[in-house]
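Visitor: I would like a close look at one part of this structure, the place where the two chains meet. Please start there and then go on to what lies around it in each chain.

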Amino acid sequence: MRLNGNPAHPWVSILLYIGSMLLLFEWIIPLEIVTDTDYVHVFYLFVAYCFLLTAVAMPAWVRSPLKLFGLLVVMDVLFFDARFMSTSWMQQFFADLSINTERLSNRSWMEFTAPFRTLLFLILLWMLSYLLYYWFAIVKKPLSFIVFTFVYLTVLDTFTEYSAVWPIVRSFVIGVGVLGISHLFKLAEAERLRLQSFRVLLKWLTPLIFVIIAGTSIGYVAPKFSPQWPDPVPFLQGTAEEGFSGIGFQDKVQRIGYGENDEQLGGGFIADDTTVFYATAESSQYWKVETKDRYTGKGWERTVEGEFATGIPGEMLALEAYSTTVTRESGQSSIQLVEPGNLNKLPYRYGTASFRDLQVEYNPVTGEVKSPDNLPGEPYNLHVEQPKFPLEQMQKQVPKMHGVPEPYLQLPDTLPDRVYELTEEIIAGKENRYEQAKAIEQYFSRNGYVYETKDVPVPDDDQDFVDQFLFETQRGYCDHYSTSMVAMLRSAGIPSRWVKGFTGGEVTQQTDLAEGEDLTTYEVQNNNAHSWVEVFFPDVGWVPFEPTVGFSNQTDFMAEESPESLEETNEPTEQEEQELPEPELDEGPEEQQPEEESGRENVESASDVSGYTLLKWGIVIAIAALIIWVIVRYRFRLMSYWKKNKLQRNHDQESFTDAYGFLLKLLEKEGYAVENGQTLREFSKKVDRLTGNADMSELTSYYERAVYREENLESERERINQLWSRIVRNLLAK
Amino acid sequence: MERSIVTQHSKIEELLTNMEKVIVGKRDTIELTIVALLAGGHVLLEDVPGVGKTMLVRALAKSLDLDFKRIQFTPDLLPSDVTGASVYNQKEMTFEFLPGPIFGNIVLADEINRTSPKTQSALLESMEERNITVDGQTMALKQPFFVMATQNPIEYEGTYSLPEAQLDRFLIKLKLGYPTEQEEIDMLGRTTSVHPVDKIQAVMTQEEVIDLQQQVTEVHASNAIKEYIVKLVHQTREHPMLELGASPRASISLMRASKSYAFIQGRDYVVPDDVKWMLHHVLIHRLLVSSEARFEGRTVASILDEIANKTRIPMERG
């Protein structure tokens, strides 16, 4: 047996090598499930065959052809019909080889034929049979391969359907056994014990076997933590797409965009700059799609379905039932859908009076507008009578729960009392519905709520979405703010509903939609998907409010006379028509307009900037740390090159002393320091006993001649260099 | 302490093997004896009677083809019994000097502590001076001159223990010790009609010994080695548990012994291992443990071990 490499302990090498083969089998087993590899047993046989050949003493020129033969036999069994090694067989084989060689040079990795992939895999197994022989049987350092095996199995278990429960147990038993045996061998080496017969070895191994059995059983029976991530795949995908810019742990990551289902709100999302549509308007508008009425404690459902009516092109629609107190201003818009995605309804703006060239089905209750056929590919034009809401009317005293049916006051029974209490607190002292709504709308920005899209949790099963946002996380995006505002309004008896749609979008150069007339074209992306709030005011209608911090209410309110309640926050010089600024925004009112257009983007990019700087610094620090780590970790390796060069270049005493001193330091790092009072000879013998050769003693004898005989070893230089390099190389290879 | 017991020098290996035919299992002791001989020093053997002290010296003398003399020290021995005396020759009407046993090459001074200090000093002075003055006449002793003194460790009645100043003159102090069981069985097997010491042949001539002694003095001791020796000796002087440290003569002795040992190992330069190995044998009889340390059970040997283990060895060219 070649495994008699160390004649004192042949059994140790045999056991270790068998262990390595079993571990390699653990690598092959999952292939059947994970990669749909067939004929896995053939690979086992090939591995066993290679291992056997490696283990048996024979010259390499015999072993390699034998392995090659085995490889070809496997190929024959798996792929080729022709008689083994016949001419046609050869032709097939080489034809396949040449095709793939070409693909190899073209880097078309994915187009390799199955025989070629199998051939590569077999060659890999062949190489592994040698590598494992080297790791396990010769240097006896099995730890890294064992660790790799565990990593491999756990990764497969996590990300594929392969269940590694038993493979882990098996690998543990094999791995600990192999480690135990190799450690026993090292002890025996150090103590110069002889484990000649298998019986003696078995006696030594009994406690080890006992420990493995006990450890495995305890580990198997013991209770285990449930996984940290129920399913890490989406998390990792999200992280990978986002770059590591500060996504924390979260339960759910979704891509932003318009969705139908709002039953489960919360969780972080990632940006998506797909264009949904282009739209023209006089100024930035919110694009409304639909409303929902029922808050479940987790999300939104629709209970009031309403009825669809048909809108003839050019005819006035009764889409929004504003009362006559609302004044109107004419306008127009044109919308070109690009990639609607989940959007199956037509977005429109507040005050849409008619679709000029499109027949639509519209629902005045839910605010939905559908196209009877597919979504129009051509741009559709809106005639708009932009509403301006009368402040005076809205500020009239209205009894609670007045004006609209029950659904818009619905709240789940599970809504915690503290939501009601908070609302009461917020609206205390506010006399009318408008002021109360305004107070709730402004509550978030005044109390340090944070706009956050990534690190946002999904509420637990027994947790209310609004309650979690208001009292625990205090960070979130539009859904959090709008839902919370509706819940609070309703808890105060103010009818309100939840609106979905898009924010204004970004000004773009795309002008083919605009027909002169001072219209600006906006690009609305999935990133602009938004939700906000509509509050019902008697004798006015549904008025939009914008609670989300960083966004501003684009609704026009028209004040007929100076209302007392607004004096605190508004300019004293009343204009006939005014926009209500968000008091908490830093920018003054004159900067309000651009802010409105890009409010959301600003907030997002602000957090992006900080994330980006953090990321940049993180990378810089990581790279610096990596460099430092490499230098510290490989300082001996780096120094060894330097010293070696010096030793080879200068044949003087100093370079030898220097190189020898470096070697002593290297040994010290490995745990063999020269003790006080220990002579170099004694030290070298100890080192040699550990390394199993006499290099150190020989080198030391030269060093002694240099130091104690004060001899110039010009003629011995080559041998010295050779010895030094060999020792250093072996040490660094550890 | 580990060291190789294989002697590198072929001539000395021959001598060792020859002597081993007589002295069983005492290779170390034989080697140290040769170390002392080649270093031109003398050996003090301290051991119980009957372990083969005399046989060791006789085997050495026979192997080297040197003149062997033995002096049995007794309380009534006079200095002239050692050195010899002038006797009046009536026939020739002159005083004629009859040389004493000290005029041999290898002198065994048996039970040296049983005689009076006066007689002891007659021997010890001649050991140092290598010549002797009797009746105003100075005579050189034979070359090589090697004294092997024995003393009994057990305190007998009427012994005169050697003063420290006298002990300093011995290069090395040795113990033979009892043989192991197996060695003793071997020994019984050998002691047949003819004693083994009578069967061995000389393997070296007198001239060769003198030549080897000369070569030993030429063994190179680098500055690093000298530094190491001095450090070790200084430690003995500063050690709190030692009443008496080693003298400068001890430093010289340590270097000579180390050179000699290095030579036997087949080297022409001293390495720290030589010094470390010789340290015990050269210093053990020159140091005195303080009474408190003795009370604590410390011995010279243990203190020397301590010193050897804590002294850093110079590893660079000095």
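Predicted model: local features only at pLDDT ≥ 70, side-chain atom pairs only at ≥ 80, totals over all residues.

Guide: Contact between the chains involves 14 residues of chain A and 20 residues of chain B. On chain A, the side that touches chain B draws at least two residues from each of α17 (653-669), α18 (680-691) and α19 (695-708). The largest share comes from α18(A), with four residues. Sorted by class, this side of chain A holds six charged, five polar and three nonpolar residues.

Next, the rest of chain A. An unreviewed UniProt entry annotates residues 12-29, 41-62, 69-94, 114-136, 143-162, 168-188, 200-222 and 614-636 of chain A as "transmembrane region". Two of these stretches can be set against the model. Residues 168-188 of chain A are 100% helix and 0% strand, with end C-alpha atoms 29 Å apart. For residues 200-222 of chain A the figures are 96% helix and 0% strand, and the end C-alpha atoms lie 34 Å apart.

Helix α4(A), residues 87-105, has 19 residues and reaches 27 Å from its first C-alpha to its last, close to the 27 Å expected at 1.5 Å a residue. The helix is hardly covered: among its 19 residues the count of buried ones is zero. After α4(A) comes Arg107(A), which has a positive phi, near 60°.

Five of the five residues of β5(B), residues 106-110, are buried, so the strand is largely enclosed by the rest of the structure. In a regular strand, side chains alternate between the two faces of the sheet. Both faces of β5(B) are covered, with Ile106(B), Leu108(B) and Asp110(B) buried on one side and Val107(B) and Ala109(B) buried on the other.

The strand also has partners. Strand β2(B), residues 68-72, runs parallel to β5(B) and is joined to it by five bridges; within this pairing, Phe68(B) has Ile106(B) as its bridge partner. Strand β8(B), residues 146-151, is likewise parallel to β5(B), with four bridges between them, and here Val107(B) stands opposite Val147(B).

Ala59(B) counts as buried because it has 24 C-beta neighbours inside 10 Å, where the cut-off is 20 or more. Beyond residues up to four places away in sequence, Ala59(B) touches Met19(B), Val22(B), Ile23(B), Val197(B) and Ile200(B). Of these, Ile200(B) is 141 residues from Ala59(B) along the chain, yet their C-alpha atoms are separated by 7.9 Å.

Last, the nonpolar cores. The largest has 113 residues, and the members that touch the most others are Val35(B), Ile172(B) and Leu254(B). Helix α11(B), residues 248-264, gives the most to this core, eight residues.

Note on methods. Residues numbered from 1 in each chain as written. Chains lettered and ligands numbered in written order. Expected span 1.5 Å × (residues − 1). Buried ≥ 20, exposed ≤ 12 C-beta atoms within 10 Å, placed from the backbone. Pairing = 2+ DSSP bridges. Contact = placed C-beta atoms within 7 Å. Nonpolar A, V, L, I, M, F, W, Y, C, P; charged D, E, K, R; others polar. UniProt positions renumbered as here; feature names shortened; annotations may be inferred. Core = buried A, V, L, I, M, F, W, Y, C linked by C-beta atoms within 7 Å.
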